[in-house]
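The exercises below work through one protein model, each with a solution in steps. Please keep the sequence and the 3D view open while reading.

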Amino acid sequence: MLKKYLTVFLVSMLPIVELRGGIPIGAGLGLGFRESYLICVLGNLLPVPFLIPFSEMLLEWLSTWPVVGPFFGRFLQKAKTKAATITNALFWGLFAFVAVPLPGTGAWTGSAIAAVLKIPPKKAFGAIALGVLTSGIVMGILSYGFLGFLQVMF
């Protein structure tokens with residue numbers, strides 16, 4: 001059982017995959033929604049306090065590497081482009097961006113956007129955490145089915 005928990009936790013920490021991959025994997029491994037949700041949320045949020053203050057600098061440094069540089073350069077450019085779309089409503093814009101479980105819209109990109117927009121770390125973490133919690137519920141419904149989700153919640 002520990003191996004399943006660790007797998008789901010580590011998958012949820014990965015950029016791009018994040019919780020959107022962890023919850024379906026948890027369902028596939030036979031974990032209940034509550035277990036998957038809690039483990040995935042924790043795994044997805046663990047890197048965020050470190051990503052917010054350092055993500056822009058880290059991405060710029062990684063974009064200079066020969067093999068992975070183009071990937072990280074595109075990632076940074078995408079974050080800057082998406083950052084421009086939410087400048088007017090920082091907290092709720094960042095929350096909504098992270099909450100929608102689509103590729104490239106999770107906590108990692110949200111942290112980069114927060115860094116690019118210079119959102120204070122506590123405010124950014126709150127928006128990102130709320131977005132991750134919401135995204136986890138959406139992924140739970142998609143992964144466990146609506147009725148299965150309701151059985152677990154009530």
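**Exercise 1.** Which residues does Ser-55 touch, not counting residues up to four places away in sequence?

*Solution.* This is a predicted model, in which local features need pLDDT of at least 70 and side-chain atom pairs count only at pLDDT 80 or more, while totals for chains, interfaces and linings use all residues. Residues are numbered from 1 along each chain as its sequence is written, and side-chain values use heavy atoms, with hydrogens and water left out. Begin by placing Ser-55, which belongs to helix H4 (residues 48-62); helices here are DSSP runs of H or I with at least four residues, numbered from the N terminus. Next, look for contacts, meaning heavy atoms within 4.5 Å: Ser-55 touches Ser-111, Ala-112 and Ala-115. With Ser-111, a polar atom of the Ser-55 side chain lies 3.3 Å from the backbone oxygen. Finally, Ser-55 has a relative accessible area of 5% and is therefore buried (under 20%, whereas exposed means over 50% and partly exposed in between, with a 1.4 Å probe and protein chains only).

**Exercise 2.** Describe how helices H6 and H8 pack against each other.

*Solution.* Two packed helices are described by the angle between their axes and the distance between the axes. The axes of H6 (residues 90-99) and H8 (residues 121-144) come within 7 Å and cross at roughly 35°, where axes are lines fitted to C-alpha atoms over the stretch in contact and angles run from 0 to 180 degrees between N-to-C directions. Among the residues that make the contact are Phe-91, Trp-92 and Phe-95 of H6, together with Ala-124, Ile-128 and Leu-130 of H8.

**Exercise 3.** Which parts does the aromatic pair of Phe-33 and Tyr-144 tie together?

*Solution.* The structure holds six aromatic pairs, that is, rings of Phe, Tyr and Trp (its six-membered ring) with centres within 6.5 Å, called stacked for planes under 30 degrees apart, edge-to-face over 60 and tilted for the rest. Phe-33 and Tyr-144 form an edge-to-face pair, 5.6 Å centre to centre with 75° between the planes. Because Phe-33 lies in helix H3 (residues 33-45) and Tyr-144 in helix H8, the pair ties together parts that are 111 residues apart in sequence. Phe-33 is buried, at a relative accessible area of 3%, and Phe-33, Tyr-37 and Tyr-144 form one aromatic cluster.

Conventions:
Helix = DSSP H or I, 4+ residues; strand = E, 2+ residues; numbered from the N terminus. Polar contact = N/O pair within 3.5 Å; in protein donor to acceptor, adjacent residues only side chain to side chain.
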